Amino acid sequence: MNQALYDAAKAKDRLKEDSVNPLVQDGKKLIPSVTRVFSTTREIYVYFQAYKQAGPGSQPVAAATVQPLFAFVTLYREGKQVFETPPTAIIPNPASRLGTMPLTFNLGVNGLPPGEYNCQITVLDPATEKANFWRAPILLVP
């Protein structure tokens, strides 16, 4: 009986921790790939958070007019683009102090040959006409 009470109390703590953990989405825990090696027989899940940084003299995100950012993922091999997702609009969360915007992409790479690729995530801000990039090498294996 003591074990059951202990587990119930710990479950409440786990739920509370999961609600603020960015790697828990829709009740599922995301496990980052530290090796960046992926199988062509499975989808690659890309998750990131973007935020709109308030400039000098600007209003906080919660008070500002909500304007979306756009993001997409591109795979390059030997300097040539071989895969790109359609751009997806993401809207700042006005309840968040930083206006964070979580975004996920599912990349179906089963048509790509195994090998080394560069994965690039591009985030565009139409309001400021600026873009940010993140790029990392990945390896696709059969």
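How much space lies in the largest pocket?

**View 1. The largest pocket of the predicted model.** About 960 Å³ of space lies in the largest pocket, where a pocket is an open set of points on a 1 Å grid over the protein atoms alone at which a 1.4 Å probe fits, with protein on both sides within 12 Å along at least five of seven lines. The volume is the space filled by probe spheres set on the points, which are joined across faces, edges and corners. This is a predicted model, in which local features need pLDDT of at least 70 and side-chain atom pairs count only at pLDDT 80 or more, while totals for chains, interfaces and linings use all residues. Residues are numbered from 1 along each chain as its sequence is written, and side-chain values use heavy atoms, with hydrogens and water left out.

**View 2. The lining of the largest pocket.** The lining consists of 26 residues, each having an atom within 4 Å of a point, and those nearest the pocket centre are Ile31, Ile44, Tyr45, Val46 and Tyr47. At least two lining residues come from each of strands S3 (37-39), S4 (44-51), S8 (100-107), S9 (115-125) and S10 (130-141), and S4 gives the most, with five. By type, the lining divides into 16 nonpolar, five polar and five charged residues; Ala, Val, Leu, Ile, Met, Phe, Trp, Tyr, Cys and Pro count as nonpolar, Asp, Glu, Lys and Arg as charged, and the others, Gly among them, as polar.

View 3. Valine 37 is found in strand S3, a strand being a DSSP run (E, at least two residues) numbered from the N terminus. Because its relative accessibility is 39%, valine 37 counts as partly exposed, the class between buried (under 20%) and exposed (over 50%), with a 1.4 Å probe and protein chains only. Leaving aside residues up to four places away in sequence, valine 37 touches Leu139 and Val141, contact meaning heavy atoms within 4.5 Å. The C-alpha atoms of valine 37 and leucine 140 are separated by 6.0 Å, although these residues are 103 apart along the chain.

**View 4. Confidence along the chain.** The mean pLDDT of the protein chain is 80, with 73% of its residues reaching 70 or more; pLDDT is the predictor's confidence in each residue, from 0 to 100. Among the elements, strand S6 (residues 80-84) has the highest mean pLDDT (96) and helix H1 (residues 2-20) the lowest (61), a helix being a DSSP run (H or I) of at least four residues. Where pLDDT is low, the predicted coordinates should not be read in detail.
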